[in-house]
Amino acid sequence: MFLKEYISDVYGAVKSMAIGMKRTLYYFTHHQEIITQQYPDNRDTLVLPERFRGEVVMAHDEKNEHRCTGCTACELACPNGTIKIITKFDISPEGKKKKAIDKFIYHLELCTMCNLCIEACPTNAIHMAQTFEHSVFDRAQLTKVLNKPGSKLQEGVE
Amino acid sequence: MWNLSDIAKSVDEWLNSVMSPTWVLVVEMVVIGVLAIALFAVLGLVLVIMERKVAAYMQIRLGPNRVGPKGMLQSLADTVKLLVKEGLTPAGADKFLFNLAPFIAMITAMLLLAPLAFAKDFQIWDLNIGVLYITAVSSLSVIGILMAGWSSNNKYSLLGAMRSGAQIVSYELSAGLAIMTVVILTGSLQMSEIVKSQADGWWLFKGHIPAIISFVIFIIAVTAETNRAPFDLAEAESELTAGFHTEYSGMKFALFFLAEYINVFIVCAVGATLFLGGWMPFHIGNWEGFNHVMDYIPSSIWFFGKTFFLIFVIMWFRWTFPRLRIDQLLNLEWKYLLPISMLNILVVTLIAIKGWHF
Amino acid sequence: MYTITEEILTTPSGDMVINVGPQHPATHGVLHLLITLNGETIKKVEPHLGYIHRSIEKMCESLSYRQFIYSTSRMDYLSAHINNHGCALAVEKGLQVEIPPRAEVIRVLMDELTRVASHILAWGALAMDLGAFTPFFHAFREREMINDIMEETCGARLTMNYMVPGGVMMDIHPNFQRRVKELLKQFSEKIDEYDELVTYNTIFINRTKNVGYLSKEDAISFGVSGPSARASGVSCDIRKIYPYSIYDKLKFDEILYTEGDSYARYMVRVQEVKQSLSIIEQLIDNIPEGDFQAKTKAVLKLPKGEFYSRVETARGELGVYIVSEGGMTPYRIKFRSPGYSNLSALDHMTRGSKIGDLIASMGTLDLVIPDIDR
Amino acid sequence: MNREELQAYLGGLGSSLTFEEGGEWINLFVDPGQFRELMEKLRNDEQLAFDYMFCLTCVDWKTHLTMVYHLSSTRYRYNIVVKAKLDRAKPEIQTICDIWRTAEFHEREVYEMFGVNFIGHPDLRLLILPDGWEGKNPMRKDFEDPVNMIKL
C-alpha cells in the first residue's frame, strides 16, 4: 500500500520532530537546568579539587624553610626539562660542607603538569598548586625560582 | 483610544494643512522610508538577541549576559563592531557584483514591507494584489544570494549559492500554494481584506484541517525560503564553512545577516496575517467579557505578538533539528510538500465553494 | 588573476577541487581533505596529514619508560586514560610485574569513564556536524561531570597521566564512588533525551541511514577497528577477543551491527555508552582494598625484546609496539593509532555520495586528528 | 592450531623462512625477495586467512632496516609478526597495499619516515611531511634537526 506507507511516513516524521521539539521546549522553559558557570565572576567561590595540577610550588614554613635537599630526582623524572636545580655548598655551623639548593628553577612554559616530579620527590618538598590563571604578557615571567630568597633546608630533612 | 492609525491620520491632516499635496506625498515617503529603516535596525537588534537567548536557553546555558541588563544590548555592541570592521573584497572577486549583492538582498527585504498591515488601518501601501506582490518580490531574494555566491570567487560560496537557488525556487511553489488556500477562502488578494475576513475567527480555525495543513506547509516552506535551519544549506557551516557569505566581512556581512532576520520577520508577519488574523484580536465565540478584554489590547501588539510567536517557532526549529541533505531537501518539497499542498488546495476550494468554513 | 570561473570553464569534466580543512568546522581539528567534486557529488577524497604531527614516536625514544606515558595522552586526547593504559600494559609485559587488584579495577573504571565521555562527545559532535547544535551542549553536561570526577581523582581534566607502570599514580579520591554514582543516576535520567533529540529524529535518520557504507570485508581490509568496524559486523572488541586487565571477568556485550552505514556506527556508540555504564555499575561498589600501585624499581629497564599491547580505545584498537634494547629508554616505539586506519577508509566510503554525506561519515568515524598525526 | 602447529604450518609456506624465538607471537623472518609471495599465501590460505593487518612499521637498527608486519586472522584469531630485513642504503620491498588496503597509508608513512621504497605502491607521495621535504627521513636514528630537536 503506497498511500498507507506515505501517510505513516509523514506521521512518523512529524511525530519524531515533535518529540525533539518538546525536549528543547522543556529546557527553554526550565531555566533551573542551566549549568553555566560564570567563571570570572565566581572566582571567590571557585573551589578546585586539592589534587588539581596547576603548577609546581615549593612549600615554605613560617621560618622560611623548605624541604628540598637538591637531590635532582625531580629533574631526572621530568620528561620535558622543566626543572633545573642549581646547587651550592653551605658551610654548617660545625664547619662541615653541606650540599644545598641555590636555585630551583621551574619553567612553567614547558610544564605539562604530569605530576612525575611530585611522585619522584623523596622529601615531599614540592607539590602541585591549584592555580590555573597562568597567562602573562612576557614568556620570561613563566620561568620561576621556587625557593624563596634566603630560605634554608628544614632541620632533619635528609 | 488612540492608536497608530489615528496618529498617522493626524500627521497626514497636519501636513496637508501646511503644504501642497505633492509635497505632502514627498514628505510622507521620506518619513516612511526613515521609519522603515528604523524598524529594520530595531528588528535586527531585537531578533538577533532573541535568537541568541532562545538558543542559549534551549542549550542549557545563559547566552549573552554582559552588555546591558541581562545582555540585552549585546547585539548593539556587535553592530558597532561590524560597522567599524574592514569590509574586504577578495582579489579575484567580481567587485561590482560582490558589493552590490548585499544591497540587493537588503532592498528585497525592504520592498516586502509595503503591504504589511502592522495595526488596524496602518499600512504603507494597501495595494489590491498584496499577496501576489509578496510572493513575487520575495522570490527576488535568491538573486542577491546567487550574485554573492558567484562573484565571491570562492567554491564554497558558489556551492552555497547554487544550493540556495535550487532550494528557494522549489520551496516557493508550496509556499505559494499554502498562501493560495487563504486567498481562495477569502476571495481577495488584498491584505486588508484578508485581515477583515478574519474578524469572526482566524483562518487557522475557520478553515478546518486543510487550513492547519496549509499553515504547517507554509511554515516549513518559508523556513526553507529564508534559508533557516534545518534548511540552511546555503550556509551549512559544517559543510561549506559559511556558504554564500564566506567572503563577506564587516558591514556587507551585516547586511546579509540583517536581511536574513528581516526576511524571517516578514514571512512570519505574512503568516500571522494570513492564518492568524493579523492585527485582529483573539475572540472566542460569544464570551462577551473575554472578547472585550481582548479588544482592549492595541492591534499593533496583537500583530507583533503573533509575528514574534511564529518567529519563535522558526527559531525553535533551528535549535532542535539537524540539517537536511540537498537531495533530501528537494525530495521533501517535490515528493511531500507539493503533492500534499496540491491536494489540500482542492479540498480548500471545495470548502470555499460549498461554504463549509465558518 | 586566477578565478574559479576560469577553472570551471577550462576543466572539461566540470570537476572542482575543494579544500576541506585544515581549518574547517567539520574536521574537528586540522585535518585537510582535498575533495574532488562534480557538482555536489564527491569523486575523490584525499587526506593530507601532518599539520599537528609532533613525532611522539621519535620523542619517546629519548624518554624513560615512566616518562613516555604522559605524551600518549596527547595522541587521542579523548581517550587519554586508555592510551596510557595501553602503554602501561606494554611496559608491564616487559617488567613482568603483578598489578594489584585494586589498581586493575581503578584502571578499568577510569577507562570506561573515558569511553563514556568520548562517546557522548562524539554523539554531540556528530549532531553538530549535521547542523543540530543543541545536542552538543547537552552532551557536555554529562561530559562535564566525568571531567570533574577525573579532575578530583587524577588532578587533570583531559590529559590525566594517571596510569603508571605497575598501577595508578594515586589512590582514588574519597568522593570518587559517590560522584560516579551521581553520574550513573544522571545518566539513567537523561539517557532518553539523547534518543529524543537525535536518534529518533527523522532528519537525522535520513542523513545517516545508508550513508558511508562500509562492508565487512572492506572494514577488515582497511584495518578499521572500534565502533566503526563493529557497525560493519566485524567482531573486533579487544576487550572481548584478547581480554586485558580484568575485562575477562566483567559482564558486558560486544555491540555488533551489520548495516555498516553511518547510522549503525552511531548506534554502536550509543549502545556502548550503556555497556560502559553497566561495567562501571558492576565495579563501583566492588573496588577491592589494597595497594593501588605495585612496587617497581625507581629506574625501569625492560629486557631486550619486543612488547606489543593492544587496547580498545574509544575509537578502536590502539597498539603499542615497544622495541627494547635493554636500556632505560625504548629503542623504537610505534603507536598503531585507530584513527589513522579508520581515516584510510574514508575515501572508499564516500565516493559517489554528497558533501553532506562526507560530513556524516567523518562524524561517525569519530576522527581525532592528534590521534591520526601523532 | 596451537602455536607449535601454526609455526610448523607456517614453516612449510616458504623456503627462506626463519623463526625468532620468544615474544608474544610467532615471529617470522622472510627474505624480501620472497616476501610478496609469502604475504599472498598468508592472506589467501584457507587454514590461515590473515585478513586483518593491524600494524605495519619499520625499525631502524642502524645497520639495517626491519619491516614489521603484524597480522591477525579474524576467523581463527591467530596473530603473527612477519619481518623482513632491508638494506639500509637502498631499502626496497614489494608493496602489499593491494592485499591489505590499510597498508596503503601505513606504507606511505613508512616511506617518508624511513625512506623505504615500496615497489608497486600506486600513490607513494609524502603524506605527513610538508610538501617539498628534502633530506633525511625523520624516524631514522641518524636524523638530526638542530632547529626543532632540543636535546635535554
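Me: Hello! Of the five pairs of chains in contact, which pair shares the most contacts?

Reply: This is a predicted model, where local features need pLDDT of at least 70, side-chain atom pairs count only at pLDDT 80 or more, and totals for chains, interfaces and linings use all residues. Residues are numbered from 1 along each chain as its sequence is written, while chains are lettered from A and ligands numbered from 1 in the order in which they are written. Two residues are in contact if their C-beta atoms, placed from the backbone, lie within 7 Å. Of the five pairs of chains in contact, the one that shares the most contacts is chains B and C.

Me: By class, how many nonpolar residues are on the side of chain B that touches chain C?

Reply: Let's start with the whole meeting place: 25 residues of chain B are in contact with 31 residues of chain C. Helix 7 (155–186), helix 11 (237–240) and helix 15 (326–354) of chain B each give at least two residues to this side of chain B; helices (H or I, at least four residues) and strands (E, at least two) are DSSP runs, numbered from the N terminus. In the classes used here, Ala, Val, Leu, Ile, Met, Phe, Trp, Tyr, Cys and Pro count as nonpolar, Asp, Glu, Lys and Arg as charged, and the others, Gly among them, as polar. The side of chain B that touches chain C has seven polar and seven charged residues, and its nonpolar residues number 11.

Me: Which element gives the largest share of the side of chain D that touches chain C?

Reply: Here 23 residues of chain D are in contact with 26 residues of chain C. Two elements of chain D give two or more residues to that side, strand 3 (52–60) and helix 3 (103–114). The largest share, six residues, comes from strand 3 of chain D.

Me: How far apart are the closest C-alpha atoms of chain B and chain D?

Reply: Good one to check in the picture! No contact joins chain B and chain D. Their closest C-alpha atoms lie apart by 23 Å.

Me: Is Asn227(B) buried or exposed?

Reply: Asn227(B) has a phi near 60°, a positive value in a residue other than glycine. Its place is in the loop between helix 10 (208–225) and helix 11 of chain B. With 26 other C-beta atoms within 10 Å, Asn227(B) is buried.

Me: And how many other C-beta atoms lie within 10 Å of Lys70(B)?

Reply: Lys70(B) is not a glycine either, yet has a positive phi of about 55°. Lys70(B) lies in the loop between helix 2 (21–58) and helix 3 (74–84) of chain B. This residue is partly exposed, and the number of other C-beta atoms within 10 Å is 14.

Me: Which residue in strand 5 of chain A stands opposite Val57(A)?

Reply: Strand 1 (residues 55–58) of chain A has a covered face, Val56(A) and Met58(A), and an uncovered one, Glu55(A) and Val57(A). Four bridges join strand 1 to strand 5 (residues 126–129) of chain A, and the two run antiparallel; strands pair if DSSP finds at least two bridges between them. Opposite Val57(A) stands His127(A).

Terms used
A residue is buried if 20 or more other C-beta atoms lie within 10 Å of its own, exposed if 12 or fewer, and partly exposed in between; C-beta atoms are placed from the backbone.
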